[in-house]
Amino acid sequence: MRFHTRKWIKPEDLNPNDTLFGGRLLEWIDEEAALYTIIQLDNPKVVTKFMSEINFKASAKRGDIIEIGIEVVKFGKSSLTLNCKVRNKMTHETIITVENIIMVNLGEDGLPKPHGKTKVEFVKNRLKQD
């Protein structure tokens, strides 16, 4: 699994227990899944269709640095199924796992559109070489 994004837990991210608010973390996961999918499918029009059961395994507190990891589970006709793991950057303790996040590729009409992808592509392989 590749960990692409790091977040620093700040006071505004905390719940009344002074630990990371779960809703904030889910917001970050949804954003990371969208960004990952946009880059993989080379289309800015993607939406979250489904997020499976989430499993909080540990908490994070103010000052912690967390990292969000995403990996592809499956390429569908117009979708991409992802797996997510969030961990503490310093201790590598798992904070949360999400087994399946389904992102859907959309066309200009806002309807699902086949993307034609079958494997993970790395951005550096798609960029123009001078």
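I then checked Ile65, which lies in strand β4 (residues 65–75) and is partly exposed at a relative accessible area of 31%. The classes I use are buried for under 20% relative accessible area, exposed for over 50%, and partly exposed in between (1.4 Å probe, protein chains only). Strands (E, at least two residues) and helices (H or I, at least four) are DSSP runs, numbered from the N terminus.

**Conventions.** I note that residues are numbered from 1 along each chain as its sequence is written, and that side-chain values use heavy atoms, with hydrogens and water left out. In this predicted model, local features need pLDDT of at least 70 and side-chain atom pairs count only at pLDDT 80 or more, while totals for chains, interfaces and linings use all residues.

**Salt bridges.** I counted a salt bridge where a side-chain nitrogen of Lys or Arg is within 4 Å of a carboxyl oxygen of Asp or Glu, and by this rule the count comes to six.

I looked up Asp13 and Arg24, whose side chains meet in a salt bridge at 3.3 Å, N to O. The pair links distant parts of the chain, with Asp13 in the loop between β1 (2–8) and α1 (22–41) and Arg24 in helix α1, eleven residues apart. Asp13 is buried at a relative accessible area of 3%, whereas Arg24 is partly exposed at 26%.

I turned next to Glu67, which forms a salt bridge with Arg87, the closest N and O atoms being 2.6 Å apart. Arg87 lies in strand β5 (residues 79–88) and Glu67 in strand β4, so this pair ties together parts that are 20 residues apart in sequence. Both ends are buried, Arg87 with a relative accessible area of 17% and Glu67 with 3%.

I also found the side chain of Glu67 in a salt bridge with that of Lys89 (3.8 Å, N to O). Here Lys89 sits in the loop between β5 and β6 (94–105), 22 residues apart from Glu67, and counts as partly exposed at 26% relative accessibility. Through shared partners, I noted, salt bridges join Arg6, Glu67, Arg87 and Lys89 into one network.
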